[in-house]
Amino acid sequence: MKLNIITIDGPSASGKGSLSRNLAKHLDFNILDSGLLYRIYAFLFSISGNHDEVREMINEQISFAPDDDGIKVLKDTNDITCLLYTSDAADDSLRVDLGG
């Protein structure tokens, strides 16, 4: 199976999301928003302050669901997507040490 991947990189608020949504729609591709993954981690770290707990929370409490705008992020059954797209969440995602 051939897998086509397009990556888009750039600074915050530079239009990467809009470009990727339009391109994905045009090409019938799925989107993996890697920035969103960092924001999820940072959001959960702001709650627990512990990397091990964050990993458990991701495994046990985080899920994804399709949405008209792409994807929504659920913590348990609560939609937290809008919380992940604030400027504070963006700043937190740049500062958090992912515990590597």
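1. In this predicted model, confidence within the protein chain is lowest in α5, where the mean pLDDT is 80, and highest in strand β3 (residues 78–79), where the mean is 96. For the protein chain taken as a whole, the mean pLDDT is 85, and 96% of the residues reach 70 or more.

2. The C-alpha trace spans about 40 × 30 × 30 Å along its principal axes. Of the 100 residues in the protein chain, 23% count as buried.

3. How do the axes of helix α2 and helix α5 cross, and what is the angle? The axes of α2 (residues 34–48) and α5 (residues 87–95) come within 8 Å and cross at roughly 90 degrees, which means that α2 is roughly perpendicular to α5, since angles of 65 to 115 degrees are placed in that class. On the α2 side the contact is formed by Tyr38, Arg39 and Ala42, which meet Ala89, Ala90, Asp92 and Ser93 in α5. Sorted by class, this contact of α2 with α5 has 4 nonpolar, 1 polar and 2 charged residues.

4. Thr81 deserves a look of its own, and its place is in helix α4 (residues 81–84). Is Thr81 buried or exposed? Thr81 counts as buried because its relative accessible area is 13%, and the cut-off for that label is under 20%. The side chain of Thr81 reaches the backbone nitrogen of Val73 at 2.7 Å. If residues up to four places away in sequence are not counted, Thr81 touches Ile71, Lys72 and Val73.

5. Leu74 is found in strand β2 (residues 70–75), and with a relative accessibility of 16% Leu74 is also counted as buried, because that value falls under 20%. Which residues does Leu74 touch, when those up to four places away in sequence are not counted? They are Gln61, Ile62, Ser63, Ala65 and Asp79. As a further distance to check in the structure, the C-alpha atoms of Leu74 and Glu53, which are 21 residues apart along the chain, are separated by 17 Å.

Methods. Residues numbered from 1 in each chain as written. Heavy atoms only, no water. Axes fitted to C-alpha atoms, helices over the stretch in contact; angles between N-to-C directions. Helix = DSSP H or I, 4+ residues; strand = E, 2+ residues; numbered from the N terminus. Parallel < 35°, antiparallel > 145°, perpendicular 65-115°, else oblique. Contact = heavy atoms within 4.5 Å. Nonpolar A, V, L, I, M, F, W, Y, C, P; charged D, E, K, R; others polar. pLDDT = per-residue confidence, 0-100. Buried < 20%, exposed > 50% of the residue type's maximum accessible area, 1.4 Å probe, protein only. Polar contact = N/O pair within 3.5 Å; in protein donor to acceptor, adjacent residues only side chain to side chain.
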